[in-house]
There are 2 protein chains.
Amino acid sequence: MIMTEIKAYAAASKEDDLKPYKLERRELTPDDVKIDILYCGVCHSDLHQVRNDWKNSVYPVVPGHEIIGKVMSVGDHVENFKEGDLVGVGCLVDSCQECSSCKDDLEQFCENGATFTYNSPDKHLGGHTFGGYSEAVVVDKKFVLKVPENIDAKAAAPLLCAGITTWSPLANWGVKKGDKVGVIGLGGLGHMGIKFAHALEAHTVMITTSPDKSEDAKSLGADEVLISKDEDQMKKHAGSFDFLLNTIPVGHDMNPYVGLLKRDATMVLVGAIEPLEPLHGGGIVMGRKRIAGSLIGGIKETQEMLDFCGEHNVVADIEMINIQDINEAYDRLQKSDVKYRFVIDMKSLKES
Amino acid sequence: MIMTEIKAYAAASKEDDLKPYKLERRELTPDDVKIDILYCGVCHSDLHQVRNDWKNSVYPVVPGHEIIGKVMSVGDHVENFKEGDLVGVGCLVDSCQECSSCKDDLEQFCENGATFTYNSPDKHLGGHTFGGYSEAVVVDKKFVLKVPENIDAKAAAPLLCAGITTWSPLANWGVKKGDKVGVIGLGGLGHMGIKFAHALEAHTVMITTSPDKSEDAKSLGADEVLISKDEDQMKKHAGSFDFLLNTIPVGHDMNPYVGLLKRDATMVLVGAIEPLEPLHGGGIVMGRKRIAGSLIGGIKETQEMLDFCGEHNVVADIEMINIQDINEAYDRLQKSDVKYRFVIDMKSLKES
């Protein structure tokens, strides 16, 4: 059973702007939750996928995986959600539930292929999945998250991707009170990294090339700002970090950052999904240092993050837009001209 | 107090061959052990230092940090060693004993600068330290290792560097029975890696570019051989390794090996102390994979390795040479023409 005529915005090809589009969604199955979408964050991945930067886009692309909404209705087997609940949907809407990654609550690494919220093969209707730039979505109950009622729902949207992407490495590598943690790069991801590291009571250092970001970094929770182009400052901090969260979204030279790590400490990359400049083997051999990657997070961990955000009142810094302004927002996003995340008010779509 | 006229072989400059040389050593202090050197392994580092490849050589260079000998005499405060004991000295002869690395039994990372066995500032006599291509050496008791009497003393020499360099990552990353472990590169380090992984009862896979090394790898203990240039074989093994020990001694492309790792698994580099080819960030982000370095090992861990070698009868495969043949051996070493480690019979020096 199919619902048709659901309002959305889509790109028809990589050259196209996003335009109004009508999509199909499945009707509720017994395990599904139907969600009225209130807000949807704008992730840099949306832009990459719309423009086919990763060469895996299937058109039309309806982006959006930072979804906040209200439950409209639930299937017969759904017990944890009821009409009216404030919920979230992130980057994942399904996985096999049987492989070792799924059993370890790491559905993002599902060995049979996780179903991503958009641009992923759709097991129910065929074709591919459509994201949150739309009025409503139907999602398996296992992939629906409870959003604490006490936080600003609009500003919670980016938690579903930027939030979990930065939370997961901090949690997985056990960052704790008193650790010296560096967050490299101040954008959508970096600003969440600072907020989380600060809320975890780590000594939080913003590491950036731009001195003019210092004040912002401090107001977000950084205890210190380290300008990575300043060799004296870099020397002063050499070998002193317990953990580095590297949010730089493009290829770059990791060597200066490796020099900042303590013995046995790790730098985790979450942004650069492309070739990096040559790493010097000596930099990691001396001090037994580690470099790792991390990809979003599993559903259990995402719920833990949202609960933490409820307890510590952590949300993203956002700029609200209407869906009609999405193409202009993409242009600004490409120039990093946003502090620090656009969120679409989906009322603008419904009332259009 | 100084002993003079100790016979050795040294390089006087980076252009020079190794030649007979007379060096000075300190007399025993109360904490020292004086060792009659029986055998000294030839490490690739010896060649690098003699030729100043790392730009930190101080001449004359007397190489050698894979030392096996008999205790000649001990200082008044030495209780664990006595005349006639079979002992070893590896890459380290001193460290501060006070920093966090020393307290964690990782003297190789001493934050105040470990004293390496040769080409390192000498705290006792000034100048720099001289290695094992000599008849005798005086070493602080904390840096002297007990060599099990049941193993072949000659073939134990390479355990002091090649052995601990490959043992330490296997031990530190907790490689255990049944793990699928890949050893990349079959040289002095790689052959020890295979022997150790096999002795630890891991499913041991030799990963090499050269099909003609297959038989040797199997006779050393490899359960399987994976030819890294064979794309079909690489695909078959993709995502299947619990641990990779990368012994390649030069810069190379890590990306194909990263593809072999399981989720959350680590590849440890022990050989390439130089720039590597560009790593693709996506390779570690997908699967939360890790790349790390490792440098020799601490003294406690080196003793544990030697004890393990005694229990499991693990030694290196060696070719014995006389000190007079050392320059020819270096030429062959540079062409990887040795299975798998030269060891100098120091009788040839004493009787010259």
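Me: Which domains is chain A divided into?
Reply: In this predicted model, chain A is divided into domain 1 (2-161 + 316-350) and domain 2 (163-293), with bounds that come from an automatic or database domain assignment. Residues are numbered from 1 along each chain as its sequence is written, and chains are lettered from A in the order in which they are written. Local features need pLDDT of at least 70, side-chain atom pairs count only at pLDDT 80 or more, totals for chains, interfaces and linings use all residues, and side-chain values use heavy atoms, leaving out hydrogens and water.

Me: How far apart do the C-alpha centres of those two domains of chain A lie?
Reply: The C-alpha centres of domain 1 and domain 2 of chain A lie 29 Å apart, and the contact (heavy atoms within 4.5 Å) takes nine residues from domain 1 and 12 residues from domain 2.

Me: And what area is buried between them?
Reply: About 910 Å² is buried between domain 1 and domain 2 of chain A, with carbon and sulfur atoms giving 52% of it; buried area is the accessible area (1.4 Å probe) that two parts lose on being put together, summed over both. In domain 1 of chain A, Leu159(A), Cys161(A) and Tyr340(A) lose the most area to domain 2, together 55% of what that side buries.

Me: How many salt bridges are there across that interface?
Reply: The rule finds two salt bridges across the interface of domain 1 and domain 2 of chain A, each being a side-chain nitrogen of Lys or Arg within 4 Å of a carboxyl oxygen of Asp or Glu.

Me: Switching to the two chains, how many residues does each give to the contact?
Reply: Chain B gives 34 residues and chain A gives 34 residues, and the two chains bury about 2,900 Å² between them, 63% of it on carbon and sulfur atoms. Arg263(B), Val285(B) and Arg288(B) supply 25% of the area that chain B buries against chain A, more than any other three residues.

Me: Which residue forms a salt bridge with Arg263(B)?
Reply: Asp104(A) forms a salt bridge with Arg263(B), and their closest N and O atoms are 2.8 Å apart.

Me: Now the inside: how many residues does the largest nonpolar core have?
Reply: The largest nonpolar core has 96 residues, and Val42(B) and Ile68(B) are among those with the most contacts inside it. Such a core is a set of buried (under 20% relative accessible area, 1.4 Å probe, protein chains only) Ala, Val, Leu, Ile, Met, Phe, Trp, Tyr and Cys residues joined through side-chain atoms within 4.5 Å.

Me: Why does that core lie between domain 1 and domain 2 of chain B?
Reply: Both domains of chain B give residues to this core, so it lies between them.

Terms used:
Buried means under 20% relative accessible area, exposed over 50%, partly exposed in between (1.4 Å probe, protein chains only).
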